[in-house]
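Here's a quick briefing to read with the model open beside you.

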Amino acid sequence: MKACGQPPYPNLLVIDDEPGIRSMMSLSLGADGYKVRTAADGAEGLKLFKEQQPDIVLTDIKMPGLDGIEVLKRIKSMSPDTEVIVITGHGDMDLAVRSLQLMASDFVTKPVSDQALEVALKRAAERLTLKAQLASYTHDLERRVAEATAKVVAAERLAAVGQTVSALVHSLKNMLAGLKGGIYMVGQGMERCQKQLTDEGMRMLERNLVRVQDLVGDMMTIAKPRQPQMEPVSLKELLTEAQRIMAAEAEGKGVEIKVEYPEGEGPVALADRRMILEAFLNLVSNGIDAAAEVEGGEVVLSTAGNFRGVCLMVRDNGPGLEPEAAQNIFQGFYSTKGAAGTGLGLMVAQKTAGEHGGRVDFVNLPDQGAMFRLRLPAAEQSAGQETQEVAAGEPRGSAG
Amino acid sequence: MAKRVLVVDDEMDVRTFISTLLDSNGYKVVVAENGEQGWQKFQEKEPDLITLDVMMPKESGIKMYRDIKTNPNFASVPVLVISGLARKTFLHSQKVLDKFKGQSVPEPEGYIEKPPEPDELMGEVKRLIG
């Protein structure tokens, strides 16, 4: 064998029960720059393998005790990347094939020619190089993917913050415009002694102050974790209360609020009364805004429940939800109402429902409009009377 | 004859504010709540100036603005944008749309960021239509 400098993978282990072959290989391969260790049987070979971790193993197939096939299997199971070249006698083709099936890198036949050995070792070294490159590429690729992912996540986080801030600023600017307008109107009214202008200005100031307050309240709700004070709450009573509170807003927008009362006591939820009312009012307010877009707008408040759960429902006869809106409405700052909405109402309602172990979902109604449902756990199994089934049609969108 | 101004804004308070301001300065005012209604009133009332909000439900001010400025019959009517959007952002969106649609729409004649100051707004209106 020609010497050609230090081979790239010089650590070899030769396992053969014939001393002649061991010494011949040691000499010949040692002259080529390999560091050769030898073992006289399979057991010793495996022991040396564990100690030395050679890059390439040459093992005889037929040996007393652990044979070459067994040695191959064990080495491959311990270290799949180690190259194992098996040495077979003439006529051992079956064993050679079997060893290749067991992931031997190659085989050489006895008597071992220098040339055949050189080729086998060269191929083994090439495979080791390829594997090392592949491992490095894979690692590099994983690192690059991780880096790119981190960048995207950071960008998304920034974008989310930016979006939040710009939506918030937009809402605030409109409120500021309302406040400025109010001040101007009051000033003009006083200057020109026109009470009507002053009154209108005062109303603008009040409206926009309330909007600022609501916005602050919504943001506090979203930012803070809250612990609901659970108690049995009659949903029938909440319907009445919601109708009373929202009457003025509905009237101002030309919308009629109707209530469909359940028979008897109706469903009872286990909920924080104040929180649930606030969430429901958000849904009613949205319904009113939707209904205000059509002639003869109306919203209908109702409730339903069974042993699985109870819910408060608002349906409106407005234009219904566009697919784009349906996908985004539960995200903060998405609003279909332009300047009038901060896009926080549904987020607040959804958060409140979640804190109760419930959720808000919606369905576009077949004829016209949409229905939003605030689903809550029932107070008692007995309290949830078998009134109408909660699922009044399959929800097309759900934010559960 | 009093000049006519079309005020397009989805926010009721802003409409009231701007209308009162214009009215008390001797202008005739027509109002619209969104781009769709604005476009309709624009054609009906033939105003001398439009104050235009950008972010509105239904049809945004961007579409209405481009509809006006790409129509040779209407392009000469000055538009004063009054929006919560920064001027830079609005102009950027217009450039992107120009590229996308292969059009070249001029910048609006005036731009005021919300909330509008009465003096600034009247200054712009007077500059544009006297």
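This is a predicted model: local features need pLDDT of at least 70, side-chain atom pairs count only at pLDDT 80 or more; totals for chains, interfaces and linings use all residues.

Residues are numbered from 1 along each chain as its sequence is written, while chains are lettered from A and ligands numbered from 1 in the order in which they are written.

**The helix pair in chain B**

- The axes of helix 2 (residues 35-45) and helix 3 (residues 61-69) of chain B come within 8 Å and cross at roughly 30 degrees.
- For the terms: helices (H or I, at least four residues) and strands (E, at least two) are DSSP runs, numbered from the N terminus.
- Axes are lines fitted to C-alpha atoms, for helices over the stretch in contact, and angles run from 0 to 180 degrees between N-to-C directions.
- Helix 2 of chain B passes helix 3 of chain B in a right-handed crossing (left-handed if the near helix is turned anticlockwise from the far one by less than a right angle, right-handed if clockwise).
- On the helix 2 side of chain B, the contact is made by Gly35(B), Gly38(B) and Trp39(B), and helix 3 of chain B brings Gly61(B), Lys63(B), Met64(B) and Asp67(B).
- Two residues are in contact if their C-beta atoms, placed from the backbone, lie within 7 Å.
- By type, the residues of this contact in chain B split into two nonpolar, three polar and two charged (Ala, Val, Leu, Ile, Met, Phe, Trp, Tyr, Cys and Pro count as nonpolar, Asp, Glu, Lys and Arg as charged, and the others, Gly among them, as polar).

**The sheet in chain B**

- Chain B has an open sheet of five strands in the order 2-1-3-4-5, with parallel pairing (two strands pair if DSSP finds at least two bridges between them).
- Strand 2 (28-32) and strand 5 (110-113) of chain B sit at the edges with a single partner strand each, so one side of each is left without a neighbour in the sheet.
- From one strand to the next, the twist averages 20 degrees.
- Strand 1 (residues 4-8) and strand 3 (residues 49-52) of chain B pair in the parallel sense over four bridges, and Val7(B) stands opposite Thr51(B) in strand 3 of chain B.
- Helix 1 (residues 12-24) of chain B lies across strand 1, strand 2 and strand 3 of chain B, running at about 165 degrees to strand 2 of chain B.

**Pro78(B)**

- You'll find Pro78(B) in the loop between helix 3 and strand 4 (79-83) of chain B.
- Pro78(B) is partly exposed, with 18 other C-beta atoms within 10 Å (buried means 20 or more other C-beta atoms within 10 Å of a residue's own, exposed 12 or fewer, and partly exposed in between, with C-beta atoms placed from the backbone).
- Leaving aside neighbours within four places in sequence, Pro78(B) is in contact with Leu49(B), Glu109(B), Gly110(B), Leu128(B) and Ile129(B).
- Pro78(B) and Gly110(B) are 32 residues apart in sequence and 7.9 Å apart in space, C-alpha to C-alpha.

**Chain A**

- The secondary structure of chain A comes to 10 helices and 13 strands, and 37% of its 400 residues count as buried.
- Chain A has an open sheet of five strands in the order 2-1-3-4-5, with parallel pairing.
- The edge strands there are strand 2 (35-39) and strand 5 (106-109) of chain A, each pairing on one side only.
- Strand 1 (residues 11-15) and strand 3 (residues 56-60) of chain A pair in the parallel sense over four bridges, with Ile15(A) opposite Thr59(A) in strand 3 of chain A.
- Helix 4 (residues 93-101) of chain A lies across strand 4 (83-88) and strand 5 of chain A, at about 170 degrees to strand 4 of chain A.
- The axes of helix 3 (residues 68-78) and helix 4 of chain A come within 10 Å and cross at roughly 5 degrees, which makes helix 3 of chain A roughly parallel to helix 4 of chain A.

**Where the chains meet**

- The contact takes 21 residues from chain A and 17 residues from chain B.
- Helix 5 (114-191) and helix 6 (195-223) of chain A each supply at least two residues of the side that touches chain B, and helix 5 of chain A gives the most, with 11 residues.

Notes
Angles under 35 degrees count as roughly parallel, over 145 as roughly antiparallel, 65 to 115 as roughly perpendicular and the rest as oblique.
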